[in-house]
Amino acid sequence: MELPKPMVIDLRIGSMGEDARIERATRTIGQMEHVFLDERARSLMEAETQVYSVECWRPVAEGTEGGLYWGSSTVYPGVVGEEYFMTRGHFHARRNRAEYYSTICGSGLLVLMDDQRRASVQEMRPGTTHYIPNETAHRVVNTGDVPLRFLACWPSDAGHDYATIDDRGFSVRVMRRGGHPEVVAQP
Ligand code: NI
């Protein structure tokens, strides 16, 4: 294949800037029905409020075996009721595909859950680099007051399974209680 031209990432902020090869997506409060515990609080919020945004560089076609993708995601600060803003979260459609996350700025928690619904959390702060193993759902929660931005690298044939999480959610939620994050079981 023709060699892709290097991408330039501003490592101070994690962004890939204005490069035409970048695909962008945004998730707003209005698009996150039934993701947060307090659906009523969500429905009363401004629908256009951004919860997170993603920049994605996919140098090979989706599903290509042996390729890699690169992403930069930003989870904005905020709460829905008592629950911090977070990504929708997913398993990989191909369960035996892993991923790296590396935090650029901000602070939060990486929520991980295996196929037995056993959950754990890892603290995210600038520099923390997380290996997300096979068979493990992943979600990022911003528990700070500034945007939480992280880089990601994953296989081009991993795919995304959002439906499993849409059905049952994660087995824990991260709530703001007394101004601090608390990880709460969600059977
Ligand atoms: Ni992933």
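Student: What spacing do the donors of the nickel ion follow along the chain?

Tutor: The donors follow the pattern H-x1-H-x6-E-x38-H. The model is predicted, so local features need pLDDT of at least 70 and side-chain atom pairs count only at pLDDT 80 or more, while totals for chains, interfaces and linings use all residues. Residues are numbered from 1 along each chain as its sequence is written, and side-chain values use heavy atoms, with hydrogens and water left out.

Student: Which atoms coordinate the nickel ion, and at what distances?

Tutor: His 90 (NE2), His 92 (NE2), Glu 99 (OE) and His 138 (NE2) coordinate the nickel ion at 2.0 to 2.3 Å. Donors are N, O and S atoms within 2.8 Å of the metal (3.2 Å for Na, K and Ca); water is not among the atoms, so sites may look incomplete. The four atoms therefore meet the nickel cut-off.

Student: Why is the arrangement around the nickel ion called irregular?

Tutor: The angles subtended by the four donor atoms run from 83 to 160 degrees, which makes the arrangement irregular. Four donors are tetrahedral if all angles lie between 85 and 135 degrees; four are square planar and six octahedral if opposite donors are over 155 degrees apart and all others between 65 and 115; anything else is irregular.

Student: What makes Glu 83 buried?

Tutor: Its relative accessible area is 0%, and buried means under 20% (exposed is over 50%, partly exposed in between, with a 1.4 Å probe and protein chains only). Glu 83 is therefore buried. Both His 90 and His 92 are buried too.

Student: What does the side chain of Glu 83 make a polar contact with?

Tutor: The partner is the side chain of Arg 173, at 2.7 Å. A polar contact is a pair of N or O atoms within 3.5 Å; within protein, one must be able to donate a hydrogen and the other to accept it, and residues adjacent in sequence count only if both atoms are side-chain atoms.

Student: Why does Ser 156 count as buried?

Tutor: Ser 156 counts as buried because its relative accessibility is 0%. Its side chain reaches the backbone oxygen of Thr 64 at 2.6 Å.

Student: How do you know whether Arg 139 is buried or exposed?

Tutor: The relative accessible area of Arg 139 is 6%, so this residue is buried. The C-alpha atoms of Arg 139 and His 90 lie 6.9 Å apart, although 49 residues separate them along the chain.

Student: How much space lies in the largest pocket, and which residues are closest to its centre?

Tutor: The largest pocket holds about 560 Å³. Of its 26 lining residues, Val 54, Ser 73, His 90, His 160 and Tyr 162 are closest to the centre. On a 1 Å grid over the protein atoms alone, a pocket is an open set of points with protein on both sides within 12 Å along at least five of seven lines, a cavity is a set where a 1.4 Å probe fits but cannot get out, and lining residues have an atom within 4 Å of a point. Grid points are joined across faces, edges and corners, and a volume is the space filled by probe spheres set on the points.

Student: What volume does the largest cavity have, and which residues line it?

Tutor: The largest cavity has a volume of about 30 Å³. Its lining residues include His 92 and His 138, and both of these coordinate the nickel ion.
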